[in-house]
Amino acid sequence: MKLQLKNISKIYDNGFTAVRDFNLNVEDKEFIVFVGPSGCGKTTTLRMIAGLEEISDGELKIDGEIMNDVLPKNRDVAMVFQNYALYPHMTVYDNIAFGMKIRKVSKSEIDRKVKDAANILGIYDLLNRKPKTLSGGQRQRVAMGRAIVREPKVFLMDEPLSNLDAKLRIQMRSEIAKLYHRLQATIVYVTHDQTEAMTLGTRIVVMNEGVIQQVDTPQSLYRHPKNMFVAGFIDAQINFIDATVKKIDERIYLHFNGIDIISPGIVENALEHYVDKTVVIGLHPEAIQICDNGIENVKVDVVEHLGSEKHLYLNLSGMNINAKVSSELNIKVGDSIKISIDTKYIHIFDKITEQAII
C-alpha cells in the first residue's frame with residue numbers, strides 16, 4: 001500500500017490555513033509519525049487522509065487512486081482515536097465486531113477475526129466485559145482490535161496514548177511497536193510526544209504552523225536537524241548559544257563567553273563565509289563532559305537525579321546551560337567544576353534564517 005499526499009492544504013471558511021502545501025509519499029509497511037506542537041496541523045492532516053476533513057487543495061492517493069472525494073467508509077483506512085470511542089453498553093466482543101456486523105460479515109468470520117485480534121492484543125479474557133470495567137490501556141487495546149479486524153490498507157492513530165499515565169504509555173508504546181511488526185501494516189500516527197515519535201516511527205514528519213519542517217528517520221533528525229525548530233523539538237533540552245565565528249592560524253573557531261572551541265571539521269568550509277559573524281550553536285546536553293582539564297569555574301545550580309543519569313543546570317560565566325552526565329559522578333549543587341565540549345554533539349545554525357549550516 002502506498003499513500004501519497006501532493007500539495008495538500010486545508011483552508012477553513014474563515015481564511016485560517018491549518019495545513020499548507022503538504023507533500024509526503026508513504027511506502028508500504030512504513031510507520032510514519034506526525035509530530036509537532038499543538039495546533040501545528042498534524043491531526044488535521046490525519047483527518048484529511050481519513051476523509052473526516054475536506055481537502056481544500058492538493059491530491060490524496062491510496063494505492064494510486066485519487067481519494068479526495070471518496071467517502072471515509074470506502075477509503076479502506078481504520079482510525080484509532082484519542083478517546084477510544086467505545087460503545088459503553090456493548091461488551092468488548094461486540095465493540096470489536098460492530099463494524100463487521102454493519103458490513104454483513106458472516107458470524108463465523110466475525111468470530112474468527114475478533115478472537116484473532118483479541119489474542120494478538122492480549123485481551124481474549126476481556127471479551128465479555130463492558131468498557132467501564134476496563135483500564136485505560138485495556139480500552140485502548142479494544143479500540144485497536146476494532147481497527148485490526150477491518151484489515152485496512154492504512155491504520156491511522158490520533159494520539160492514542162495521550163490519555164494514559166506515564167507507566168502505561170511506555171507499556172502501550174512497546175505493544176504498538178510489537179503490533180506493527182506482527183501485522184506488517186502501514187501506520188500513520190499522530191503525537192506531540194517526542195519520545196513516542198523517536199521510538200515508534202520508521203520516519204518522522206516534524207510539523208510547525210501547518211508546514212512540514214523535515215521528514216527523516218529518528219536518528220537523522222537528531223544528528224542532522226535542518227533548522228533550529230527541529231533541533232529544539234526533537235531534543236527539548238538542547239542548548240542554543242550565540243557564538244562568533246573566528247579564524248585563527250587558518251583554523252575556524254566558535255567563540256562565546258570567553259571560550260573558543262574548534263569547529264567540527266564537517267562545517268569548517270561552510271563557516272568561512274561566517275567569519276566575524278554571529279551563528280547559533282545547538283549543543284546537546286551530552287556534548288558537555290566533566291573533566292580535569294577544561295573550561296574552569298563552571299557553577300552547578302541544579303542537579304536532577306534521573307536514575308542512571310543526572311541532569312545538571314550549569315552557570316558558565318553568567319550563561320545557563322544544561323548537561324547530561326552519569327549518576328555515578330559525585331556532583332552537588334554549588335560545586336565548581338571543569339567541563340569540555342564534544343563537538344560531535346553540536347549543530348550550527350544561521351542566526352537569521354535559523355537553518356542548519358551544512
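**Aromatic rings, a sheet and cysteines**

Phe 31, Tyr 180 and Tyr 189 form one aromatic cluster. Rings of Phe, Tyr and Trp (its six-membered ring) are paired here if their centres lie within 6.5 Å; planes under 30 degrees apart count as stacked, over 60 as edge-to-face and the rest as tilted. This is a predicted model, in which local features need pLDDT of at least 70 and side-chain atom pairs count only at pLDDT 80 or more, while totals for chains, interfaces and linings use all residues. Residues are numbered from 1 along each chain as its sequence is written, and side-chain values use heavy atoms, with hydrogens and water left out.

The structure holds 6 aromatic pairs. One of them is Phe 31 with Tyr 180, edge-to-face at 5.2 Å centre to centre and 80 degrees between the planes. This pair links distant parts of the chain, since Phe 31 lies in strand β3 and Tyr 180 in helix α5 (residues 166-183), 149 residues apart. Helices (H or I, at least four residues) and strands (E, at least two) are DSSP runs, numbered from the N terminus. Both Phe 31 and Tyr 180 are buried, where buried means under 20% relative accessible area, exposed over 50%, and partly exposed in between (1.4 Å probe, protein chains only).

Strand β3 also belongs to a sheet. Strands of a sheet pair through backbone hydrogen bonds, either parallel or antiparallel. Here 6 strands form an open sheet with mixed pairing, in the order β6-β7-β8-β3-β9-β10; two strands count as paired if DSSP finds at least two bridges between them. Strands β6 (77-80) and β10 (211-216) stand at the edges with a single partner strand each, so one side of each has no neighbour in the sheet. From one strand to the next, the twist averages 15 degrees; axes are lines fitted to C-alpha atoms, for helices over the stretch in contact, and angles run from 0 to 180 degrees between N-to-C directions.

Strands β3 (residues 31-35) and β9 (residues 203-208) run parallel and are joined by 4 bridges. Ile 32 stands opposite Arg 203 in β9. Helix α1 (residues 42-50) packs on this sheet, touching β3, β6, β7 (154-158), β8 (186-191) and β9, with contact meaning heavy atoms within 4.5 Å. The direction of α1 makes about 150 degrees with that of β7.

How many disulfides are there? With a disulfide taken as a pair of cysteine sulfur atoms within 2.5 Å, the count is 0. Cys 40 is buried because its relative accessibility is 1%, whereas Cys 291, at 21%, is partly exposed.
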